[in-house]
Structure formats: structure tokens, C-alpha cells
Amino acid sequence: MQSLTAKIIGVGKALPEKRLTNADLEQMVETSDEWISKRVGIKERRIAQDDEYNSTFATTAAQAAIQMAGVDAKEIDFIIVATTTPDTVYPSVACLVQHNIGAVNASVLDVAAACTGFVYGAALAWGMIKSGLMKNILVIGSEINTAFVDWSDRDTCILFGDGAGAALFTVSDDANKGVLSMELGGDGSLKDLLVLPNSGSRKYTEPDGSPSLRATRMSGNEVYKNAVRHMNEAALAVLAKAGLTSEDVSLLIAHQANIRIIDAVAKRLKLPAEKVFINIEKYGNTSAATVPLALCEAVEQERLKPGDILVIDAFGAGLTWGAMAIRWA
Ligand code: UT7
């Protein structure tokens, strides 16, 4: 059998217009621009309005990716949307995007792997394309995180933002041009470190019996430590599987949750700052959207050229983690 892989031929992004700055948050909770900038690296984040949905941004990002790729929507075989903040649990966001862009021949699936979702989605796309079952697959990361924020909780409300990014994967006849390797993982024993209560069928209550708020709860320090460890291990694993070392890496696109986490991972990989993509200051943590948003901006800024080794690397609730090594084609 011919050895195939998947390569990215189009990227896109979409963001709400409305900005929430650190100065705005200073008016809402006991915090400061200095604390947020230094401890997390965020200056502002985007917030969706009531008439802007997850599918609104997912659709716009998808349209940009397929336009850049020059692929007709009818040629798309599969739409995978990585999200844990869909418009509705059903129908999936992927179904809504399929309808909005006219991808009438596409299969549709939402993937829930929290902030690792885009990497999981890309891994599914890679498997389908590499096996020869499908040709063109749209992978989108899209989130409306701010719908699930407790705006009185300074531990979490400063972190999150909304937005979407998309990438169109297609078949590459040269197995050395495109995705080279992947590493995925999860540890359900750490399920309580990052939870969105009352977001599914289980009812969460407080000790007094009142319903818990449907807002992110996080043990920040524990998530932080696990993130650094697993992202580092995942990046090293994909490099080893591809027969590469960190010296071969041209660009690291890591999940944008905290600049200190990204710096710690980059330091362990001995990557200089110019090989690490950062845009957390503009958008905050957009969960499954951070990696494709950053990828889109890396392409816009011409930070990737053919032959470059790109590593994407993410972690999130679950806990989940995943990475991919890609030779840019
Ligand atoms: O996408 C996956 C989702 N999550 C993550 O990736 C988050 C991973 N964790 C983190 O990024 C960090 O743990 C946080 C940014 C959440 C917190 O940073 P930290 O350096 O771990 O701070 P901390 O929780 O240890 O708190 C340090 C201090 C505390 O005060 P005391 O007890 O030292 O007096 C907090 O009360 O900072 C205080 N603090 C704040 N101060 C000003 C916590 N939040 C704030 C705030 N503004 N917003």
C-alpha cells in the first residue's frame, strides 16, 4: 500500500469583536493588570455577544480555511469540531457548520477532549486520511468559554475567552510531508482537578443542597504541574517517534493557558523564544481553539515555511493531553 499522510492546506480563525481587558476585570473582581500579566500572560480576551454562538465562529473559521485551501465545500469528507461549549449538546456544532457551509457530503462529529480537543480531532483526521478512507477533513476548535464563567471568581474569570480556529487536512502522497507522529493521553483519576459542574446529566449540589453553579472549577496549581509534565513528555514522544530531536523543531504551538506553562515546556525542550508561538495576551485561554487560532496566526505571520518541523502540544480537563509533529508542506 502507498504510504500516505495528512497535510494542512488551509487555516482560518474567527473571533468576537467585543474585548474584555484586564482593566475591565479590575472593576469586577479583586485583581490587577500586573497580577494577570505576570502570572498568566493575558492582557485581554474576546467575549461573544448573546446573538453570537459557537457555530457562528466555527463557521467563519471553517469558511476561511476552505477558501485558503481552494477546496469546494462539497469535497469535504468529514467535519470534526473540538469543543466543550457547543451551541447545544445535540445537534453537534459539526452538523451546524456542515449546513452553514454547504458541505453536504461531509460526515460530522464533535470531539470533547477539553483544551486537547483540537489535537485529538487532528489525530482522528490523520488516521482517516492515512488509512485512505477519506481525503479532505476540516478540523475546527471552537469555544464560547465565557458562557460558563463565574464572573465573581477571580481564580478563573480572568483566564478564559471565546473564539475559533480551523485547519483543512488533505492527503499527502509523500509520507514525509505532513503529519509525522502523534501522542495522545488521558488520566481520568485526575477528573476532579478541572470540572464544569451541571454541564451534563449529573446534578451537582452544594453542601447546603442548593444546585452548584454551572461554572468552571479548577485546582489551578495541580493542573499547572500536570500540564507542564504531560506537555513536555508528549512533545518529546512525538519527536522520538518521528526520529527527531528538539533541535529539529522550527516552531512550537502549545495550548495557550498560561504563559508560564508554555515557557516551562519550552525551557525543558531547550527551545529559544523565537521558536515558540505566543498569542495568549490577546485572547486568553480559548480551550480547544487556542492551537488552531495560533496556527492560523503563525501562517499569517509567515512563521512556517515548507520543510519546517511544527510541534503542536496541548492539555486540558480530563485530564487529557496530546501532541503532533508535522513537517510543514
Ligand atoms: O486549559 C486548561 C485550564 N487551566 C489551566 O491551564 C490553568 C493552570 N493553572 C494556572 O495557570 C495557574 O495555577 C493560575 C493562573 C490559575 C493561578 O496561578 P498561580 O500562580 O498558581 O496562583 P495561585 O493559585 O497559587 O495563587 C497565588 C496568589 C493567591 O494569593 P495568596 O494565597 O498567595 O495570598 C491567590 O489568592 O494569587 C492570588 N490570586 C489572585 N490575585 C490577583 C489568584 N487569582 C488572582 C487574581 N488576581 N485573579
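Modeller: Helices and strands here are DSSP runs, numbered from the N terminus. The model is a predicted one.

Biologist: In which strand is the place of Gly-322?

Modeller: Gly-322 sits in strand 13, which covers residues 320-327.

Biologist: Is Gly-322 buried or exposed?

Modeller: Buried means under 20% relative accessible area. Gly-322 has a relative accessible area of 0%, so it counts as buried. Leaving aside neighbours within four places in sequence, its contacts include Thr-116, Glu-183, Ala-234 and Ile-312. His-230 is 92 residues from Gly-322 in sequence, yet the two C-alpha atoms are 8.3 Å apart in space.

Biologist: How many disulfides does a search of the whole structure find?

Modeller: A disulfide is a covalent bond between the sulfur atoms of two cysteines. The search of the whole structure finds zero. For Cys-157, the nearest cysteine sulfur belongs to Cys-115 and is 17 Å away, whereas a disulfide needs the sulfur atoms within 2.5 Å. Cys-157 is buried, at 0% relative accessibility, while Cys-95 is partly exposed at 30%.

Biologist: Which residues come nearest to the ligand?

Modeller: Of the 22 residues around the ligand, the nearest are Thr-31, Arg-39, His-255, Asn-258 and Arg-260. A polar side-chain atom of Thr-31 is 2.6 Å from a ligand nitrogen. Arg-260 places a polar side-chain atom 2.8 Å from a ligand oxygen, and for Arg-154 the distance to a ligand oxygen is 2.9 Å. The protein covers 73% of the 950 Å² of accessible area that the ligand has on its own.

Biologist: Which helix gives the largest share of the shell around the ligand?

Modeller: Helix 7 does, with four residues. By class, the shell has eleven nonpolar, six polar and five charged residues.

Conventions
Residues are numbered from 1 along each chain as its sequence is written. This is a predicted model: local features need pLDDT of at least 70, side-chain atom pairs count only at pLDDT 80 or more; totals for chains, interfaces and linings use all residues. Side-chain values use heavy atoms; hydrogens and water are left out. Buried means under 20% relative accessible area, exposed over 50%, partly exposed in between (1.4 Å probe, protein chains only). Helices (H or I, at least four residues) and strands (E, at least two) are DSSP runs, numbered from the N terminus. Contact means heavy atoms within 4.5 Å. A residue is near a molecule or strand if one of its heavy atoms lies within 4 Å of it. A polar contact is a pair of N or O atoms within 3.5 Å; within protein, one must be able to donate a hydrogen and the other to accept it, and residues adjacent in sequence count only if both atoms are side-chain atoms. Accessible areas come from the Shrake-Rupley method with a 1.4 Å probe; for residues, only the protein chains shown count as cover. Ala, Val, Leu, Ile, Met, Phe, Trp, Tyr, Cys and Pro count as nonpolar, Asp, Glu, Lys and Arg as charged, and the others, Gly among them, as polar.
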